[in-house]
Amino acid sequence: MTHLMQTYGRFPVAFVKGEGIHLYDADGRAYLDFTSGIAVTSLGHAHPNVTRAIAEQAATLLHTSNLYEIPLQEQVAGKLTALSGLDRAFFCNSGAEANEAAIKLARKYSTETYGSHKYEILTLHESFHGRTMATLTATPRPKFQEGYAPLMPGFRYVEKDLDAIKAALSDQTCAILVETVQGEGGVLPLGREFLQGLRALCDEKGILLLIDEVQTGIGRTGTLFAFEQAGILPDIVSLAKALGNGVPVGAILAKEHVAAAFTPGTHGSTFGGNPLAMAAANAVLDTIAEEGLLEHVQQMAAYLESRLDELVAAHDFILSQRGHGLIRGLLFDRPAGPLVSKCLEYGLLVLTAGEKTLRFLPPLTVTEADIDLMMQLLQEALAD
Ligand SMILES: *Cc1c(COP(=O)(O)O)cnc(C)c1O
């Protein structure tokens, strides 16, 4: 009997080792990993730069406390703010915790600036923002929310439509929280024009634009942050998944005037930004720059897109593909879950997103040969 709470439906396989895009089970069988641990191990498994950085840090100092100065935090914050155009960083340990911080900062800034009535946050249908009470409330999907009532007050859900959002705004609205690509919702990109429209609407109405880049951030779409490609700057962005290449670390970045609402004692996290996590994040950011990974992602994304187009053309049960950079979805006319199990039998790891979308999240280091092998395994699984 298992002693684990049964929160996950797990595939019957355990990996004991990883290297680059490959995972290995105890029998030494190799699996081609197009999941990256759900957009986490973006540099591939056991990247030597990250391994070295965390091994050295672990042997030196794992943890002190945010009661004391942590120079590595300053260093990573300096890199993230310079690269994003935002001004300040706060570090935590996960995506949900980053969104919690974004929600808290938005409320604190808005109620202090405009009055206690200004606390409401709008989120989109099909979104996913995490599993804590607030981020779950921000995620309007019955599957996740059922059984957890009462949810948090102060959230309202809107359709992905600028006119509908404009109509939904009230005096109480303080922020809109969106992903640039709804990853869990089915790999649904919001698109450049929509994001620009949102930015303009937020500016016009004096409300904050919060962008959840927990899945799309740190290079996945071919720029370090996906919002760059819309030519906009959010007021707060949340990050996590790929930031530590597997070491748990999350962050929010914010504009100076907004970040100023967090004063000593108003928010915190015991582990947030500890030296181990910062050593990993620091190595990840340096490696993306040193290896020219952003340009590489753009090239590989174009190649993956062209190869997936072949599948859309070849099978009438594959309806379309969509995505942005190296987060891509293949939309089926039926549930995609069984195909994920079939792919596993063939040594290929892929994901679903929503019910009918097969999701691909290869490491940013993926090569054309890896994509060709993925296509071969996927075609074998489809034929089976
Ligand atoms: C994964 C994810 C989260 C939640 O991150 P956790 O680290 O699991 O808490 C939040 N938002 C988005 C967009 C995500 O993809």
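Me: What makes the charged end of Lys118 count as sitting over the ring of Tyr114?
Reply: Its charged end is 5.2 Å from the ring centre. A charge sits over a ring if NZ of Lys or CZ of Arg is within 6 Å of the ring centre and within 35 degrees of the ring normal. So Lys118 sits over Tyr114. Lys17 sits over the ring of Tyr24 too, 5.6 Å from its centre.
This is a predicted model: local features need pLDDT of at least 70, side-chain atom pairs count only at pLDDT 80 or more, and totals for chains, interfaces and linings use all residues. Residues are numbered from 1 along each chain as its sequence is written, and side-chain values use heavy atoms, with hydrogens and water left out.

Me: Why is the pair of Phe90 and Phe262 called edge-to-face?
Reply: The centres are 6.2 Å apart and the planes 65° apart. Rings of Phe, Tyr and Trp (its six-membered ring) pair if their centres lie within 6.5 Å; planes under 30 degrees apart count as stacked, over 60 as edge-to-face and the rest as tilted. Therefore this pair is edge-to-face.

Me: What does the pair tie together?
Reply: Phe90 lies in strand β4 (residues 88-92) and Phe262 in the loop between α9 (256-259) and α10, so the pair links parts 172 residues apart in sequence. Helices (H or I, at least four residues) and strands (E, at least two) are DSSP runs, numbered from the N terminus.

Me: Is Phe90 buried or exposed?
Reply: Its relative accessible area is 18%. Buried means under 20%, exposed over 50%, partly exposed in between (1.4 Å probe, protein chains only). So Phe90 is buried.
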